[in-house]
Amino acid sequence: MRALPAAFVGPIQSDETGRDSLPRCRPISIGFLLDILARHCASLVDFTPPSQSDPMTFDTSFGQPTSLQSDQDDLLEVTETQDIHTILICKDALWLGAKHDGYSLASFDNYKLRREPGVARLDLHRKQNSPLYAALQQSHHTFGLLETMLDRHIPERRLLRRLHDGKVVITTQEVPGLLRECQDHIRSLRKTNPDAFKQWSQRARHALESTRQFILWESHEADRTFSKVELNSQDVGRILHTIAAITEASWSFLDCELHEAGVVSDNLTGLQLPGNINEACRHEMAEDGWCPFAASQLHGYSTCALGFASTCKPFVRKGVDHRDHSQCTHKMCCSNNIDPATYSNLHVTEDCTCKSVVPPVEQIKHALSRKEIPIIRIHAMTTPDDERVTMTCSTASSGTSYVAISHVWADGLGSTAEKGLPTCQLIRLAESAHQLVDGGFLWLDALCVPEEKELRKLAIGLMGQTYRKATKVFVIDSGIRSCSVNASTEERLLRVVVSGWMQRLWTLQEAVLASELIFQFSDGLLTLGNLLRLGTDWTQPVAIQLCCAFGDICMLMSTLSRPPSSLRLQGVINALRGRSTSKISDETLAISSLLGVDSYALASIDSLTERMKMFLLQVREIPSKMPFLVDGPRLTGPGFRWAPATFLCSGEASRMVGDGDVALCTPEGLLARYYCFTLETPVALHEDNVILSKITLSGPDLVLYYADVNDPVEPASGDELCNAIVLQTEPSFDNLAMAVSMEEGLMRDSNGVVRRRCSYIKAIQVKFGMLGVRSDVPLREPVDVEEGRFVDVCLT
Ligand SMILES: [Zn+2]
Ligand SMILES: [Zn+2]
């Protein structure tokens with residue numbers, strides 16, 4: 001028996017590459033996302049740079065702080081309640097008391113040495129037990145980092161505040177202002193001295209990378225710098241969160257500036273922060289009444305956006321059936337799902353008892369049976385003692401302009417044409433419709449979709465057209481409506497990003513197909529273009545990060561004029577992350593119009609599995625990485641065992657990015673070209689993590705370590721034996737892969753291409769090399785593996 005060579009057995013190097021512990025980061029750069037917004041949505045978003053009408057008088061002399069004198073008594077005194085108009089990128093954190101002012105500007109690496117040479121030179125153990133060292137670290141990775149970005153001294157009074165009780169805190173209130181000064185400085189540097197600009201960008205990258213490493217180190221175990229000082233965990237959490245938020249803000253700023261300068265940023269694509277860095281903040285938010293799901297979504301987008309949200313009040317939907325978010329999890333907000341058995345409409349005011357009114361149902365049915373889109377006009381007759389409404393029906397084919405309403409049922413506007421809606425709601429809808437389009441016609445599912453099954457299918461078949469043909473699509477959501485149109489850009493963006501509307505399945509298509517998307521705020525309306533334009537100032541970290549939450553929607557909008565492609569499907573799957581529905585059977589129906597699939601034909605199939613199969617067959621070209629990346633349940637039955645049973649996954653699921661490698665979905669199986677390793681002896685693969693290694697005692701063979709000594713290796717009944725491992729492309733250190741059973745013979749597809757038929761067993765992760773082998777559990781003897789190569793396969 002060949003034992004695992006002891007010399008190569010080490011502790012797990014890092015668990016940062018594990019599927020479950022992936023750092024929560026956006027794998028594409030913000031610059032790239034903005035580029036998408038700018039290139040494809042020029043009509044949507046006006047990219048006029050922010051006005052520079054108020055130029056800063058800025059001292060560009062390098063290396064000389066403007067003032068060496070400052071005293072903490074100069075600090076502004078504040079109450080703990082933040083000014084509501086202040087945009088913070090995180091909650092204020094306790095200042096550990098390092099003296100920052102009074103020293104000449106030092107390079108980032110020399111920051112601590114310049115201040116406390118004695119402490120900076122202590123050995124690791126004594127450093128970690130020194131409160132002074134912890135304080136210096138805090139100062140180094142906040143003031144020191146920002147000074148490197150700005151090339152100048154930043155006085156303590158810009159980031160520190162004294163509370164009434166005498167405690168000093170660090171606040172991020174002035175971070176956007178500092179970034180603005182930085183932008184003025186480096187843009188003039190870029191014009192006048194390109195070399196100095198290049199050096200600046202290298203210094204900034206270095207400082208950011210050092211701080212990122214520091215955060216990684218601090219987050220890895222509880223037993224680090226700040227926990228050795230006597231602090232409670234909330235304080236430690238906030239201190240680290242401040243450092244992470246400042247790092248992210250500076251990182252995305254640098255990313256954008258380099259993008260603007262045309263510098264192809266090689267390594268600067270996405271800041272990889274450890275997933276647990278936001279944990280303390282998420283915990284505090286849950287205690288403040290925030291939905292854990294909303295916090296988890298924001299955490300997926302950005303540390304700054306999450307930090308900003310933590311300084312805002314949570315939104316809790318009001319109404320009969322509605323609860324707070326205490327039952328929600330980070331994977332799902334329960335307050336959005338409805339139970340059809342107990343569902344009832346909400347009135348405009350809680351004490352209203354007005355009657356429901358039904359639209360002209362027969363005319364609606366007649367329109368649908370002719371495959372025409374019914375639209376409704378509401379006439380409200382209100383007198384001081386009476387409110388009455390009547391409705392008339394027309395069709396979209398008459399060329400009449402109309403507004404299509406996009407809403408979530410949990411807000412109480414759900415119904416069927418046969419049941420209608422409360423008078424008070426109809427009056428409010430009529431007002432909006434008349435304000436938005438001449439004639440005041442509208443389409444709303446609750447009024448225009450009958451309960452009758454056949455007609456319902458016809459309405460679903462027309463759904464894509466309904467939103468595409470609408471003059472305007474109007475978003476009504478109680479969370480968005482809780483915010484004033486005059487609130488800060490950041491708050492308006494936040495209320496949309498965390499709204500129920502952004503978390504629902506159907507609303508994706510409704511948003512993407514809209515020729516003009518309009519949001520209703522408490523006291524006014526805002527188009528998507530306006531909402532985003534206000535958030536494209538690169539010195540506003542929160543706004544910019546929240547804008548990126550619309551990246552997927554904008555990308556889909558921008559490609560609508562072209563035929564559907566595998567990249568479109570990839571975009572749709574990315575955009576579906578974090579969205580859910582009360583009715584899982586709606587999934588393929590709700591995205592079919594985005595991918596050119598016949599929704600009526602889909603709606604006519606009852607079995608969910610068959611619906612998904614037909615959907616995939618009609619889409620036909622799918623990203624070849626999809627079988628590797630979509631987690632969760634799979635379809636059953638020959639030809640489709642590789643296929644996901646659903647695309648709906650949590651907001652924390654990884655995004656699909658990159659090239660357009662295409663696989664073809666056929667009834668026989670998925671036709672693709674993958675990198676395959678064949679096993680010389682078939683094995684029952686019980687583990688999800690295996691190691692392919694060239695390091696063996698007997699020489700340069702390739703072997704597969706697939707079980708430790710405690711694992712059973714005998715196949716259980718029903719186990720399929722794995723004789724090949726399939727990767728999407730050539731192996732890297734860590735690979736998403738599939739265990740398959742590869743047939744002996746060859747097959748020929750309809751184009752005459754010779755293929756190997758592979759039956760999908762399960763998704764696995766393959767580590768290539770010896771890193772990551774545990775030393776505590778001895779591994780079982782490996783099996784020999786043939787060198788990998790690209791093979792045309794038919795995955796069944
Ligand atoms: Zn919730
Ligand atoms: Zn009412």
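How many of the residues of helix α21 (residues 541–548) are buried?

## Helix α21

In this predicted model, helix α21 is mostly covered, with 8 of its 8 residues buried. The buried residues are P541, V542, A543, I544, Q545, L546, C547 and C548.

## Helix α7

Helix α7 comprises 27 residues (residues 194–220), which at 1.5 Å a residue should span 39 Å; its end C-alpha atoms are 39 Å apart, so expectation and model agree.

The buried residues of α7 are F197, W200, S201, A204, A207, L208, T211, R212, I215 and E218. These buried residues pack against four helical segments: α5 (131–150), α6 (175–192), α8 (225–228) and α9 (233–260).

## The seven-stranded sheet

An open sheet of 7 strands has the order β7-β6-β10-β8-β11-β12-β13, with mixed pairing. Its edges are formed by β7 (386–395) and β13 (524–527); each has a single partner strand, so one side of each lacks a neighbour in the sheet. From one strand to the next, the twist averages 35 degrees.

At the β13 edge, strand β12 (residues 517–521) is joined to β13 by 4 bridges, and the two strands run antiparallel. Among the residues involved, F519 has L526 in β13 as its bridge partner.

## Helix α14 across the sheet

Helix α14 (residues 423–436) lies across β6 (374–383), β7, β8 (402–407), β10 (441–443), β11 (472–476) and β12. Relative to β6, helix α14 runs at about 110 degrees.

Key
Residues numbered from 1 in each chain as written. Chains lettered and ligands numbered in written order. Predicted model: local features only at pLDDT ≥ 70, side-chain atom pairs only at ≥ 80, totals over all residues. Buried ≥ 20, exposed ≤ 12 C-beta atoms within 10 Å, placed from the backbone. Expected span 1.5 Å × (residues − 1). Contact = placed C-beta atoms within 7 Å. Pairing = 2+ DSSP bridges. Axes fitted to C-alpha atoms, helices over the stretch in contact; angles between N-to-C directions.
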